[in-house]
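Q: Hi! Could you walk me through this structure?
A: Happy to, let's have a look together.

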Amino acid sequence: MKRCWITDKPLEVSSMVELVTRREAGAINTFIGTVREFTEGKRTLFLQYEAYTSMAEKKLEEIAEEIDRKWPDVKIAIAHRIGRLEISDIAVIIAVSTPHRDDSFEASRYAIERMKEVVPIWKKEHWENGQEWIGNQKETKQGIPREEEIR
């Protein structure tokens, strides 16, 4: 069973938690990234996420492997949605189980920060008065991705 994937279908928190639930875990942490309505004073209408799916899934798995090495007792599942997302839709879920809560929080934070650094997913914001490709997830690279980066 895959533990990291990209999908154009809505994400379900309960199914992600189920993937990491186990008897050895004393903590399950979930990070749920959602579409917010306002960013820097601009009202967002919806977001469009695009990804180079096979590369994005490979990078998500690499992050999971990094976490396996840093926190050996962890079980993790990561999913990111692409396509058109409305306000409050879930864009990403990271579910982490560990024997103790500190490791669960740390591994979850590590996963989302690494995702923003290395996973090829792009976001286009649509506002009331325009739209713009934001670039990479850390917003350090502006502009529209090349066609070969999307598909």
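**Charges and salt bridges**

A: In this predicted model, Glu24, Asp73, Asp102, Asp103 and Glu106 gather in a patch of negative charge on the surface.

Q: Where is Asp73 found?
A: Asp73 sits in the loop between helix H2 (53-70) and strand S5 (75-81).

Q: Okay, and how many salt bridges does the structure hold?
A: There are 13 salt bridges. One of them pairs the side chains of Glu57 and Lys2 (3.1 Å, N to O). Glu57 lies in helix H2 and Lys2 in the segment before strand S1 (4-7), so the pair ties together parts that are 55 residues apart in sequence.

Q: Is Glu57 buried or exposed?
A: Glu57 is buried, at a relative accessible area of 18%, while Lys2 is partly exposed at 49%.

Q: What does Arg3 pair with?
A: The side chain of Arg3 meets that of Asp68 in a salt bridge (2.9 Å, N to O). This pair also links distant parts of the chain, with Arg3 in the segment before S1 and Asp68 in helix H2, 65 residues apart.

Q: How about Arg109 and Glu113, how far apart are they in helix H3?
A: They are 4 residues apart in helix H3 (residues 101-118), so about one helical turn separates them.

Q: Switching topic: what's the overall secondary structure?
A: It comes to 4 helices and 9 strands, in the order β-α-β-β-β-α-β-β-β-α-β-β-α along the sequence.

Q: And how much of the protein counts as buried?
A: Of its 151 residues, 44% count as buried.

Methods:
Residues numbered from 1 in each chain as written. Predicted model: local features only at pLDDT ≥ 70, side-chain atom pairs only at ≥ 80, totals over all residues. Heavy atoms only, no water. Patch = residues over 30% accessible without salt bridge, like charges linked within 9 Å, V, L, I, M, F, W, Y side chains within 5 Å. Areas by Shrake-Rupley, 256 points an atom, 1.4 Å probe, with all protein chains shown as cover. Salt bridge = Lys/Arg side-chain N within 4 Å of Asp/Glu carboxyl O. Lys, Arg positive; Asp, Glu negative; His and termini not counted. Charge placed at Lys NZ, Arg CZ, Asp CG, Glu CD. Helix = DSSP H or I, 4+ residues; strand = E, 2+ residues; numbered from the N terminus. Buried < 20%, exposed > 50% of the residue type's maximum accessible area, 1.4 Å probe, protein only.
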